[in-house]
Amino acid sequence: MTTHSEHHTPTLSWTVIPEPFTTGDATALRRAYYAEVAGRYWKRQVTETEIDQGLLDFPDDGLVPPTGQFVVGRLDGEPLACGGIRLLDPLTAELTRVYVDRRARGTGGGAALLKVLEAEARALGADRVRLDTRSDLVEARALYARHGYAEIPAYSSGPYAQHWFEKLLT
């Protein structure tokens, strides 16, 4: 009699839920997001003082109901992703602060964030989601394209807006 043993690879599990952007985990993720996007833009390591200033210059205060929502994604309980949604007008929501820690990329965290953020946008009454991003954030642009976001003409301006996307919520 031959026995056959099966080897199972553990499946990583993402949990994404709304969380105030002021919690310790949310704050650490927002700081990591800013450090990465600013560091890539400036092509150097970002200082803690620069992160502090960046968070002051680009506050997240709109990411609370009834104008928005912030979410934290945890991979097997570890906080490794975040994102926000805010209303631009009664029918249009905007994605912002979408971030997956480098150690967790490729594990489905971006898709999990988008699913929950789009549901939050619907709950706020939006029928479409927009976002802007930069040319150097190639992973972000690929994520949005994979999930049904199409490039659109500029709807906003700013030094960091180089590509604009929109997805209709059905």
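Me: Is Tyr41 buried, exposed or partly exposed?
Reply: Tyr41 is partly exposed, at 36% relative accessibility. Buried means under 20% relative accessible area, exposed means over 50%, and partly exposed is in between, with a 1.4 Å probe and protein chains only.

Me: What kind of model is this, and how are residues numbered?
Reply: This is a predicted model, where local features need pLDDT of at least 70, side-chain atom pairs count only at pLDDT 80 or more, and totals for chains, interfaces and linings use all residues. Residues are numbered from 1 along each chain as its sequence is written, and side-chain values use heavy atoms, leaving out hydrogens and water.

Me: How many aromatic pairs are there?
Reply: The whole structure has 5 aromatic pairs. Rings of Phe, Tyr and Trp (its six-membered ring) pair if their centres lie within 6.5 Å; planes under 30 degrees apart count as stacked, over 60 as edge-to-face and the rest as tilted.

Me: Which pair has Tyr41 in it?
Reply: Tyr41 pairs with Tyr160, edge-to-face, at 4.9 Å centre to centre and 85 degrees between the planes. Tyr41 lies in helix α1 (residues 24-42) and Tyr160 in the loop between β6 and β7, so the pair ties together parts 119 residues apart in sequence. Helices (H or I, at least four residues) and strands (E, at least two) are DSSP runs, numbered from the N terminus.

Me: And Tyr160, how exposed?
Reply: Tyr160 is partly exposed, with a relative accessible area of 31%.

Me: Why do Phe58 and Tyr160 count as edge-to-face?
Reply: Their ring centres are 6.1 Å apart and their planes are at 70 degrees, so the pair is edge-to-face. Phe58 itself is partly exposed, at 39%. Ring pairs link Tyr41, Phe58 and Tyr160 into a cluster.

Me: Switching to the sheet: what is the strand order?
Reply: The open sheet has 7 strands in the order β1-β2-β3-β4-β5-β7-β6, with mixed pairing. Two strands pair if DSSP finds at least two bridges between them.

Me: Which strands stand at the edges?
Reply: β1 (14-18) and β6 (150-151) do, each with a single partner strand, so one side of each has no neighbour in the sheet.

Me: What joins β6 to β7?
Reply: 2 bridges join β6 to β7 (residues 163-168), and the two strands run antiparallel. Glu151 has Phe165 in β7 as its bridge partner.
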